Amino acid sequence: MNNVPETTLSSRLVSGCLIRICRLLTGVRARWLAPVPDSASVRIYYANHSSHLDGIVIWASMPARLRPTVRPVAAADYWEASPLRRYIARRIFNAVLIKRRPSAEEGSQPNNALELMSEALNHAQSLIIFPEGTRGNGEDISAFKSGLWHLARMNPGAQLVPVYLENLNRVLPKGSRLVVPVLCSATFGEAISPPQDGEEKQAFLQRAREALEELKS
């Protein structure tokens with residue numbers, strides 16, 4: 001089982017509409033500083049995070065042949081808050097939804113985020129993740145959480161590709177429901193090497209963060 005939902009005419013139409021709306025509102029321009037991969041490449045695209053639109057913009061910036069096997073990783077409590085968001089997350093983006101806060105029934109059970117993400121990678125699906133963990137101000141890139149380190153060590157065959165997003169914080173400011181049309185860009189950098197033998201966690205996370213910062217225009 002590959003976890004890719006069956007595409008229907010309705011989902012393809014909605015997908016096409018969302019991509020056009022996304023590009024209209026953000027004017028997003030994609031820059032690839034390395035050759036665009038073929039659809040068989042398994043990658044972890046990691047990006048700075050300043051808007052709920054970040055994952056959608058990266059996904060919409062990709063060539064059509066890549067999108068079916070690229071899955072944004074997103075917060076379940078936000079994307080399951082309404083039937084519309086749930087439909088978009090599950091049926092259009094096939095997002096990997098992570099529960100940030102366990103429900104009362106789950107109690108103190110550990111979050112299985114790494115297992116869910118690794119399962120997708122093991123089925124030849126790429127991921128879009130945000131190592132800062134929470135939304136930033138759009139100007140500075142915060143220190144990375146340890147998730148990227150653990151995910152990379154668990155999946156050494158996945159390429160690690162930094163993606164720098166510019167101006168997304170201005171399109172949908174934190175706390176606002178109004179979308180402001182602003183020109184944005186998504187810069188896809190060259191893949192960095194995975195954690196090396198003997199490389200400490202913080203050294204790797206700093207190296208990954210610096211590779212992302214270098215993509216600022």
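User: Which residues of α8 are buried?
Analyst: Phe204, Leu205, Ala208, Arg209, Ala211 and Leu212. Buried means under 20% relative accessible area, exposed means over 50%, and partly exposed is in between, with a 1.4 Å probe and protein chains only. A helix is a DSSP run of H or I with at least four residues, a strand is a run of E with at least two, and both are numbered from the N terminus.

User: Where do they sit around the axis of α8?
Analyst: On the same side, because they cover an arc of only 160° around the axis. That arc is taken from the directions from the helix axis to the C-beta atoms.

User: What do the buried residues of α8 pack against?
Analyst: They pack against β2 (43-47), α6 (147-154) and β6 (159-166). Contact here means heavy atoms within 4.5 Å.

User: What kind of model is this?
Analyst: This is a predicted model: local features need pLDDT of at least 70, side-chain atom pairs count only at pLDDT 80 or more, and totals for chains, interfaces and linings use all residues. Residues are numbered from 1 along each chain as its sequence is written, and side-chain values use heavy atoms, with hydrogens and water left out.

User: New topic. How many aromatic pairs are there?
Analyst: The structure has six. Rings of Phe, Tyr and Trp (its six-membered ring) pair if their centres lie within 6.5 Å; planes under 30 degrees apart are stacked, over 60 edge-to-face, and the rest tilted.

User: Why is the pair of tryptophan 59 and phenylalanine 93 edge-to-face?
Analyst: Their planes are at 85°, so the pair is edge-to-face, with the ring centres 4.8 Å apart. Tryptophan 59 is in helix α2 (residues 54-61) and phenylalanine 93 is in the loop between α4 (83-92) and β4 (96-98), so the pair ties together parts 34 residues apart in sequence.

User: Are those two buried or exposed?
Analyst: Tryptophan 59 and phenylalanine 93 are both buried.

User: Which charges sit over rings?
Analyst: Among them, arginine 67 lies over the face of tryptophan 59, 5.5 Å from the ring centre. The charged end of arginine 85 sits over the ring of tyrosine 78, 4.0 Å from its centre. The rule wants NZ of Lys or CZ of Arg within 6 Å of the ring centre and within 35 degrees of the ring normal.

User: And how many disulfides?
Analyst: The count is zero. A disulfide needs a pair of cysteine sulfur atoms within 2.5 Å.

User: Is cysteine 184 buried or exposed?
Analyst: Cysteine 184 counts as buried, because its relative accessibility is 5%. Cysteine 17 is at 38%, so it counts as partly exposed.
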